[in-house]
Amino acid sequence: MHHVLGYSLDEWMAILTIISIVGGVLIWLLNVAIKNGTEKLSNSVKRLINQIDNLSHTINSIETTASRTAERVDKLEDRFEEHIGEAKVRNQKIKSLEHEVFDDKRRNEDE
């Protein structure tokens with residue numbers, strides 16, 4: 001029989017088989033570890049993406065609400081300005097009437 005480095009061909013085949021099996025098991029373990037690790041990472045990334053989407057929707061809702069509130073405030077300010085203008089006109093009319101009444105009363109007293 002042939003011998004290489006003191007081992008026969010059968011012994012070399014046994015050594016090669018053992019190395020192949022151990023290598024295969026190590027590769028399988030590495031694949032399982034990578035798959036489990038990346039699966040957890042993938043789930044975490046998916047949760048993060050969902051949370052970012054929810055945050056985006058919330059921000060959009062807040063922005064829409066803020067826009068509507070700003071419009072309402074603008075309308076209320078316009079109405080307030082109108083009321084102030086109307087109140088000034090009324091005050092002017094009241095002052096005019098007071099002057100008329102008191103001036104007429106004074107004229108009547110003087111006569």
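This is a predicted model: local features need pLDDT of at least 70, side-chain atom pairs count only at pLDDT 80 or more; totals for chains, interfaces and linings use all residues.

Visitor: Which residues form the nonpolar patch on the surface?

Guide: The patch consists of Ile18, Ile21, Val22, Val25, Leu26, Trp28, Leu29 and Val32. Together they have about 770 Å² of accessible area.

Visitor: Let me pick isoleucine 21. Where does isoleucine 21 lie?

Guide: Isoleucine 21 lies in helix H1, which covers residues 9-110.

Visitor: And is isoleucine 21 buried or exposed?

Guide: Isoleucine 21 is exposed, because its relative accessible area is 54% and the cut-off for exposed is over 50%.

Visitor: New topic. How many aromatic pairs does a search of the whole structure find?

Guide: The search finds 1 aromatic pair. Its members are tyrosine 7 and tryptophan 12, arranged edge-to-face. The distance is 5.6 Å centre to centre, with 80° between the planes.

Visitor: Why is that pair called edge-to-face?

Guide: The angle between the planes is 80°, and planes over 60 degrees apart count as edge-to-face, so the pair receives that label.

Visitor: Last one: what about threonine 65?

Guide: Threonine 65 is placed in helix H1 and is partly exposed, with a relative accessible area of 38%.

Visitor: How far apart in space are threonine 65 and serine 96?

Guide: They are 46 Å apart, C-alpha to C-alpha, and 31 residues apart in sequence.

Terms used: Residues are numbered from 1 along each chain as its sequence is written. Side-chain values use heavy atoms; hydrogens and water are left out. Patches are made of residues with over 30% relative accessible area and no salt bridge: like charges are joined within 9 Å, nonpolar side chains (Val, Leu, Ile, Met, Phe, Trp, Tyr) within 5 Å. Accessible areas come from the Shrake-Rupley method with a 1.4 Å probe; for residues, only the protein chains shown count as cover. A salt bridge is a side-chain nitrogen of Lys or Arg within 4 Å of a carboxyl oxygen of Asp or Glu. Helices (H or I, at least four residues) and strands (E, at least two) are DSSP runs, numbered from the N terminus. Buried means under 20% relative accessible area, exposed over 50%, partly exposed in between (1.4 Å probe, protein chains only). Rings of Phe, Tyr and Trp (its six-membered ring) pair if their centres lie within 6.5 Å; planes under 30 degrees apart count as stacked, over 60 as edge-to-face and the rest as tilted.
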